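Dear colleague,

My notes on it follow, and I would ask you to read them with the model open beside you.

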Amino acid sequence: MFESLSDTLEGAFRKLAGQATINEINIGIAMRDIKRALLGADVNYKVVKKLVEDIRLKSLGEDVVKSVSPAQMIVKIVSDELTELMGGEQKPLNLSTKNLPAVVMVAGLQGSGKTTFCAKLAKRLKKGGKNPMMVAADVYRPAAVEQLKTLGLEVGVPVFSLDEQDAMKVAREGLEAARRGAHDVLILDTAGRLQIDDRMMAEAEALKNLMKPEELLFVVDSMMGQEAVNTAKAFNDRLDFDGVVLTKLDGDSRGGAALSIRQVVEKPIKFMSVGEKMDDLDQFYPDRMAQRILGMGDIVSFVEKAQENLDLEKTIQMQKKLMKNEFDLNDFLDQLQQLKKMGSIQGLIEMVPGLNKMVPKQDLENLDFKPIEAIINSMTKAEKASPEIINGSRRQRIALGSGTRVQEVNMLLKQFAEMKKMMRSVSKMTQSGRKITSQN
Ligand code: GDP
C-alpha cells in the first residue's frame, strides 16, 4: 500500500538527514520534493498546494529542539499535516440504538466493492454483538443478489431479496422483514452503474428518502485515483452521504484518493478495505495511515489485529520459545495457520515498520500450506525440533515421504529460517507496541 509515495517521501527526508539546521534553502528543496511526491501519487493539485505551504510555514516557524534533527522534525510535521488532511480523528460508524433497525445504506459505482463491503461490515457488526440483516437492492445486476447471498452464508448473516426489479419494493419489504426478525441493523446494498447517471442517482435519492439511513456510506475504489475523488464529489453533491469507504487499498501504491477525498468532499473516511477476504476491512485511522505513508509502519493496528484474532495464550508461549530459541517446525506450522487467520499476510507485513523490506513479497504470496504440512509431517520428532540436523539424505527421505521434491524441502527450511527471524522481530515489536498502547 502506497509504496511508491513512501519511497519518494523517504528520498526527500534523506536529503535533509545530514543538515544541522533548517533554513529557507533546505526547506525549499524538501518542499519541492514533497510536492513532487504528492503530485506523483495523484493527489489533487489544490490539496497539494495548500498542504505544502502549511508544512513549509510550520517548519520555518518551529524552533529546532536540540534532541531532534531537522529531518525528524519535518517528518513529524508532515505526519501531523497528513493526519489532518485525512480528517484528524477516527470517525466511527454511528448506529442509533433507538430506531431499530438502524439502516446503513451503501452506494457507489459498479465494481467499486459495494457488495463485498456490505458482507464484511455485516461480519464485523455481528462479531461486535449486533444482529444485522442485509437487503439486496442491487436489482439490475442479477449476479449481485446471488453474490450477496453467497457472502451472507459465508459470514452467517441473513440476506433479504425478492425476485423483482423494483429496488424500492425490495427495500420496503426488507425493512419489514428486519423488524419482524428483530434485527438491529439493516445493511442495504444498492445498484451501481459503470458511470454516474441520472437514473442511478435518482434511485439512490429515493431509497435514501424512503429508508432514512443512519449512515449512508459511499464506497469507492481507491485505485481510480483522482477519478475516485471526482466520483465522490458527484455522489456527495446529490446524496449528501455520511462517510466514505475506500476499497482496494491493497492494490493502491499511490494513495492519491486516500489523501484527497476528505479535503474535497469534507466527509470522513470511515473504513478501508485491503483485500477480498471477509476480514480484510479496517476502520480508517488518519494518524495511523499517515505513519504508514511515511514508512513508520502501523504497529498499533497490528497489535490490535493480533489481539483480536490470535490465541493469546499460544502467542505468549510462542514468544517465550522464540526468546529461548526453541521455536521449531511444529510451531512454525502453527504460526502460519494463526497468521492466516489474521487476514492477508501481505497486509500484516505492511503494518510493521521495515518488515516489508525484509521479507520478499513473492515468498509470502506463494505460501501454500498443504505441501508445507505434508513435509513437516514427514519429519521425525528430532528433525522437527532441530531442523539443523536435516542433511542431504534426510532431505531426500522427507521429499519422498511427503510426495514433494528436495527443492521444496530446501525452500521450506529456508522459509522457516526467514520466518524465525521475522517472528523474532514481530514479537519484539509486538511487545514494544503493547507498551505504547498501554501508555496511552
Ligand atoms: P460492486 O459491484 O460494487 O458490488 O463490487 P463487488 O463487491 O462485486 O467487488 C468487485 C470486485 O472487487 C470483486 O472481485 C471483489 O472481490 C473485489 N474487491 C472488493 N474489495 C476489494 C479490496 O479491498 N481489495 C481487492 N483486491 N479486491 C476487492
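**Helix α5**

Helix α5 covers residues 114-127, which makes 14 residues, and it spans 20 Å from its first C-alpha to its last, close to the 20 Å expected at 1.5 Å a residue. Please bear in mind that this is a predicted model.

How many of the residues of α5 are buried? The count is 11 of the 14, so the helix is largely enclosed by the rest of the structure. Here a residue counts as buried if 20 or more other C-beta atoms lie within 10 Å of its own. Among the buried residues of α5 are Phe 117, Cys 118, Leu 121 and Leu 125, and the list also includes Lys 114, Lys 120 and Lys 123. Just after α5 comes Gly 129, whose phi is positive, at about 95 degrees.

**The sheet and its helices**

In total, the protein has 21 helices and 8 strands. Strand β2 (residues 132-137) and β3 run parallel and are joined by 2 bridges. In this region Met 134 stands opposite Val 159 of β3.

**Domains and the whole protein**

The domain assignment gives domain 1 (3-85), domain 2 (102-296) and domain 3 (301-439). The centres of domain 1 and domain 2, taken over C-alpha atoms, are separated by 34 Å. Their contact draws 17 residues from domain 1 and 19 residues from domain 2. On the domain 1 side, α1 (3-17) and α4 (70-85) are the elements that give two or more residues. The residues on that side comprise 9 nonpolar, 5 polar and 3 charged.

Across the 440 residues of the protein, 41% count as buried. Of the contacts between residues at least 6 apart in sequence, 74% join residues at least 24 apart.

Yours sincerely

How values were computed:
Residues are numbered from 1 along each chain as its sequence is written. This is a predicted model: local features need pLDDT of at least 70, side-chain atom pairs count only at pLDDT 80 or more; totals for chains, interfaces and linings use all residues. Domain bounds come from an automatic or database domain assignment. Two residues are in contact if their C-beta atoms, placed from the backbone, lie within 7 Å. Helices (H or I, at least four residues) and strands (E, at least two) are DSSP runs, numbered from the N terminus. Ala, Val, Leu, Ile, Met, Phe, Trp, Tyr, Cys and Pro count as nonpolar, Asp, Glu, Lys and Arg as charged, and the others, Gly among them, as polar. A residue is buried if 20 or more other C-beta atoms lie within 10 Å of its own, exposed if 12 or fewer, and partly exposed in between; C-beta atoms are placed from the backbone. Two strands pair if DSSP finds at least two bridges between them. The expected span of a helix is 1.5 Å times one less than its number of residues.
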